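Dear colleague,

Please find below the structure that I am handing over to you, together with its sequence.

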There are 4 protein chains.
Amino acid sequence: MEVTYKRRINYYETDKMGVVHHANYLRYFEEARIYFLDEAGLSYKEIEAAGVIMPVLGVDISYKASLDFDDVLFLKTSLSYVKGAKAAFSYEGYNQEGKLVCRGASTHGFVKKDFKPTILKKDFPQIFEILSKAVMPD
Amino acid sequence: MEVTYKRRINYYETDKMGVVHHANYLRYFEEARIYFLDEAGLSYKEIEAAGVIMPVLGVDISYKASLDFDDVLFLKTSLSYVKGAKAAFSYEGYNQEGKLVCRGASTHGFVKKDFKPTILKKDFPQIFEILSKAVMPD
Amino acid sequence: MEVTYKRRINYYETDKMGVVHHANYLRYFEEARIYFLDEAGLSYKEIEAAGVIMPVLGVDISYKASLDFDDVLFLKTSLSYVKGAKAAFSYEGYNQEGKLVCRGASTHGFVKKDFKPTILKKDFPQIFEILSKAVMPD
Amino acid sequence: MEVTYKRRINYYETDKMGVVHHANYLRYFEEARIYFLDEAGLSYKEIEAAGVIMPVLGVDISYKASLDFDDVLFLKTSLSYVKGAKAAFSYEGYNQEGKLVCRGASTHGFVKKDFKPTILKKDFPQIFEILSKAVMPD
């Protein structure tokens, strides 16, 4: 499964270089991830209500072109794997003209609200099953 | 009691106008408020640990001059009043050349973690006493 | 003319109180303002390209209820006046259940890129005319 | 040369997980980088005034432990290399108890304000020389 999350760039997301500040892309990735989960049939709000949180363990991002205010970002988002207490997402961003603007990946842990790891398959089999089906085949 | 909170402006706080985005001033006010409480002998971290939070009920701000990256903001901060379940702070910001950059005020409620109001004087007399002493005389 | 700008709340816009951080509302107001201009037939990107910027001179906001991640904010937005080198917008925010969450107003200057004021009616009559028609009658 | 940039965590930098939102670390890296340049005798403000900007080409970060409001972050920052139109920085973050909280690296291009690459050694030999001396030996 791959989803494309669409997002207009806000004025306040630019900096004095005249383009979007690079830290904001991690926020766009988060928005896209939550949209991906929505599309997979999982509400992140409900995941947290069930007692699981998904903190970010690592992010890797390359910036290929800049984004300006009023541009539209299209983020192709997929789930690379889910195993044990971890998952990873991949992102590829394009602007409204189809130009590649960024590529990235994020890894996540599944933990309880006290940040103790949870083995998703065992502790939350329903969430695990939905996520497993949403994993992008190689 | 009046404190002056000093703060260097970060690059990421600017926008494509080339100056600090106006929403960031509310964050500077928050930093200054927490510094004020520190100086009054109250740690906001400890206030929250004790079970009280201070959400913002309202903010009023006038922007008088812009701030650029690498500028230094000096925020004169005082506590206008504490009564019942409310308090109000006042702010006056200057840059490194002594030029007035902003004036503002914020009002806050004292509530428990479930956002139910608490009468500070009755429920947390120690916090109330310290704050009362820190109020700026007219 | 009044527009209603609709906006889902992002996870990263919350803070450890569990609700949206108050500074973000100024960003929502900005998004709503730009949407208002779009609907009035003015692109803020083109306004800036024409050489006019609209820095915020002041903001006044009351917080009536909190917003959580995944809530939907509906911001009723109108233009209160345009005169000389100034304009003012009004905002009223509701959540997905129709509950009032905030009320606010912002005033703006019309300036050139060097922050020198411009008399819109004289210097940019087309922009002035469109804005004048969009002003909310009393 | 290695510098340690010290930074208190702000309340507004947390999210509803109760800890600092992961995107903020890229902002801390930026603050640390600018502090590094200061310590090396280069003001980033002056670098930009001279006509060079240093957009981020990529970031790689691992989160090892969370940071809370009021924690103090110590970011050990060094310059890994400067060559042609590129440079890379490394970061290692610790909290006030000496616990590792993050590790990361960022790569940067040297470009003119129109985002065209500049060969620093040829076009800005003084900046190149100072940076070269500040590179961390292997």
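**Strands within chain A**

In strand S6 of chain A, Ala87(A) has His108(A) as its bridge partner. Please bear in mind throughout that this is a predicted model. The pairing to which that bridge belongs joins strand S5 (residues 86-94) of chain A to S6(A), in the antiparallel sense and over 9 bridges. S5(A) and S6(A) form a hairpin, with 5 residues between the two strands. In the turn of this hairpin, Gly98(A) has a positive phi of about 85°.

S6(A), which covers residues 100-109, is also joined to S3(A) by 7 bridges, and these two strands run antiparallel. Within this pairing, Ser62(A) stands opposite Arg103(A).

In chain D, strand S3 and strand S6 (residues 100-109) pair in the antiparallel sense over 7 bridges. Asp60(D) stands opposite Ala105(D) of S6(D) there.

S3(D), residues 56-63, also pairs with a strand of another chain: S3(A) and S3(D) are antiparallel to one another over 5 bridges. Two positions illustrate this pairing. Val59(A) stands opposite Ile61(D), and Ile61(A) stands opposite Val59(D).

**The interface of chain A and chain D**

How many residues does each chain bring to the contact? Chain A gives 25 residues and chain D gives 25 residues. In general terms, the size of an interface is often given as the accessible area that is lost when the parts come together. For chain A and chain D the buried area is about 2000 Å², and 59% of it lies on carbon and sulfur atoms.

The count of salt bridges between chain A and chain D is 0. Polar contacts between the two chains number 6 residue pairs, with both residues at pLDDT 80 or more. Three elements of chain A each supply at least two residues to the side that touches chain D: helix H1 (24-40), helix H2 (44-49) and strand S3 (56-63). Of the side of chain A that touches chain D, S3(A) gives the most, with 8 residues. Sorted by class, that side of chain A has 14 nonpolar, 5 polar and 6 charged residues.

The same surface serves both copies, as 100% of the contact residues of chain A recur in chain D.

**The interface of chain D and chain C**

Chain D also touches chain C, with 10 residues of chain D in contact with 10 residues of chain C. The area buried between chain D and chain C is about 930 Å², of which 61% comes from carbon and sulfur atoms.

How many salt bridges does the rule find across this interface? Between chain D and chain C there are 2 salt bridges. Residue pairs in polar contact between chain D and chain C number 6, both residues being at pLDDT 80 or more. By class, the side of chain D that touches chain C consists of 4 nonpolar, 3 polar and 3 charged residues.

Yours sincerely

Methods:
Residues are numbered from 1 along each chain as its sequence is written. Chains are lettered from A and ligands numbered from 1 in the order in which they are written. This is a predicted model: local features need pLDDT of at least 70, side-chain atom pairs count only at pLDDT 80 or more; totals for chains, interfaces and linings use all residues. Side-chain values use heavy atoms; hydrogens and water are left out. Contact means heavy atoms within 4.5 Å. Buried area is the accessible area (1.4 Å probe) that two parts lose on being put together, summed over both. A salt bridge is a side-chain nitrogen of Lys or Arg within 4 Å of a carboxyl oxygen of Asp or Glu. A polar contact is a pair of N or O atoms within 3.5 Å; within protein, one must be able to donate a hydrogen and the other to accept it, and residues adjacent in sequence count only if both atoms are side-chain atoms. Helices (H or I, at least four residues) and strands (E, at least two) are DSSP runs, numbered from the N terminus. Ala, Val, Leu, Ile, Met, Phe, Trp, Tyr, Cys and Pro count as nonpolar, Asp, Glu, Lys and Arg as charged, and the others, Gly among them, as polar. Two strands pair if DSSP finds at least two bridges between them.
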